[in-house]
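Please read it alongside the structure shown below.

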Amino acid sequence: MRVVSGIQPTGNLHLGNYLGAIRQWVAMQDAMATDDLCLFFLADLHALTQPVVPADLAANTIEMAATLLACGIDPERSILFNQARVPAHAELAWILGGTARVGWLNRMTQWKDKAGKNREGSSVGLFTYPVLQAADVLAYRATHVPVGEDQKQHLELARDIAAKFNQDFGVDLFPLPEPFVSTAAPRIMSLRDGRAKMSKSDPSDMSRINLVDDDDTIAGKLRKAKSDAEPLPDNIDALDGRPEARNLVTIHAALAGIEPAAVLAQFAGQGFGRFKPALADLAIATLGPIRQQLTALLADRGEVGRVLAEGAGKARTLSAPVLRAAQDAIGLQV
Ligand code: TYM
């Protein structure tokens with residue numbers, strides 16, 4: 001197994017990133033066999049597809065790396081780095097840009113959502129974003145890519161690009177990467193709107209729980225989270241049409257590591273006045289230790305930078321022969 005995944009360093013990690021992706025990364029790292037390899041990176045090149053403030057990007061990259069370490073990514077066992085320090089990502093993306101089709105990229109829902117009505121004014125990078133994402137995983141001949149539900153379409157595109165490249169140039173270079181969306185890694189929705197995903201770009205901070213939020217803030221956000229006046233039902237189907245209630249049950253289940261049905265078995269018939277404090281206790285118990293670890297790591301940002309630099313060295317060594325093979329396949333001989 002060759003596991004590869006990334007996250008954009010666009011600000012604080014939130015509970016959706018943690019439950020939807022990072023916790024899964026840590027689980028895969030912890031379950032690794034001796035021949036397996038896990039690579040996790042900060043997608044700082046992807047962050048350039050939206051307006052950037054250079055000082056923020058630099059600080060966010062270090063803070064996000066520290067957060068991944070605090071969540072349990074272990075640089076002794078996994079390779080942790082930032083994308084910009086491994087030029088093979090951008091070089092392979094350019095090569096794969098000859099393989100990907102405009103029609104494929106036009107179908108990407110993230111492009112449609114982020115560009116909205118402003119396609120002409122969007123960056124070229126925002127449009128070709130999924131080609132770089134394909135290069136990210138193909139540069140390591142990844143077999144498994146743990147992501148949240150929202151990134152599945154990009155991974156399917158990476159498979160299409162890999163298959164077309166192999167076929168067009170008569171090689172067997174790229175294995176088709178498998179998007180790995182664990183059932184234990186649910187889609188977490190906004191605390192203000194159960195139909196929108198929890199997101200860093202939501203203007204309301206009350207919509208998300210950040211991994212840096214203190215205990216009182218977590219409790220306050222969950223207390224004020226949108227819910228409804230009905231008691232919790234005894235089965236999942238009865239949550240249809242109650243997206244906020246469903247989201248809070250999903251979060252509880254994910255934090256406790258149990259099925260949503262087991263949460264309902266415990267709370268059926270009870271209102272949110274009882275449920276929310278129990279959920280807050282659970283969230284605080286999970287996130288408190290991560291926050292403490294993060295604070296300790298951020299006291300020495302230089303050390304976090306050194307971890308990234310070491311990871312980038314290993315990633316360069318691993319990706320160089322794959323890039324070279326792709327160059328050879330298309331006739332870029334020197
Ligand atoms: P990003 O930075 O938006 O999110 C990082 C990971 O968190 C997951 N996620 C969620 N999961 C559940 N509920 C949510 N509300 C939620 N919000 C985010 C995402 O699915 C993702 O797994 N394009 C990617 C970064 C990337 C990448 C890659 C990923 C660049 N190259 C190569 C995998 C492989 C992104 O913007 O994720």
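In this predicted model, the ligand is surrounded by 27 residues. Tyr129, Asp136, Gly148, Asp150 and Ile188 are the closest of them. By type, the shell around the ligand consists of 11 nonpolar, 11 polar and five charged residues.

**Ligand: polar contacts and burial**

- Asp150 places a polar side-chain atom 2.4 Å from an oxygen atom of the ligand.
- Gln151 has a polar side-chain atom 3.1 Å from a nitrogen atom of the ligand.
- At Gly16 the backbone is involved: one of its polar backbone atoms is 3.3 Å from a nitrogen atom of the ligand.
- The ligand taken alone exposes 720 Å², and the protein buries 97% of that area.
- Strand 1 (2-7), helix 1 (15-30) and helix 7 (124-138) are the elements that each give two or more residues to the shell around the ligand.

**Packing of helix 3 with helix 13**

- Helix 3 spans residues 54-71 and helix 13 spans residues 301-330; their axes come within 10 Å and cross at roughly 80°.
- Because angles of 65 to 115 degrees count as roughly perpendicular, helix 3 is roughly perpendicular to helix 13.
- On the helix 3 side, the contact is made by Ala59, Thr61, Ile62, Glu63, Ala65, Ala66 and Leu69.
- Helix 13 contributes Arg301, Val304, Gly305, Val307 and Leu308 to the contact.
- The residues of this contact divide into eight nonpolar, two polar and two charged.

Definitions and conventions. Residues are numbered from 1 along each chain as its sequence is written. This is a predicted model: local features need pLDDT of at least 70, side-chain atom pairs count only at pLDDT 80 or more; totals for chains, interfaces and linings use all residues. Side-chain values use heavy atoms; hydrogens and water are left out. A residue is near a molecule or strand if one of its heavy atoms lies within 4 Å of it. A polar contact is a pair of N or O atoms within 3.5 Å; within protein, one must be able to donate a hydrogen and the other to accept it, and residues adjacent in sequence count only if both atoms are side-chain atoms. Accessible areas come from the Shrake-Rupley method with a 1.4 Å probe; for residues, only the protein chains shown count as cover. Helices (H or I, at least four residues) and strands (E, at least two) are DSSP runs, numbered from the N terminus. Ala, Val, Leu, Ile, Met, Phe, Trp, Tyr, Cys and Pro count as nonpolar, Asp, Glu, Lys and Arg as charged, and the others, Gly among them, as polar. Axes are lines fitted to C-alpha atoms, for helices over the stretch in contact, and angles run from 0 to 180 degrees between N-to-C directions. Angles under 35 degrees count as roughly parallel, over 145 as roughly antiparallel, 65 to 115 as roughly perpendicular and the rest as oblique. Contact means heavy atoms within 4.5 Å.
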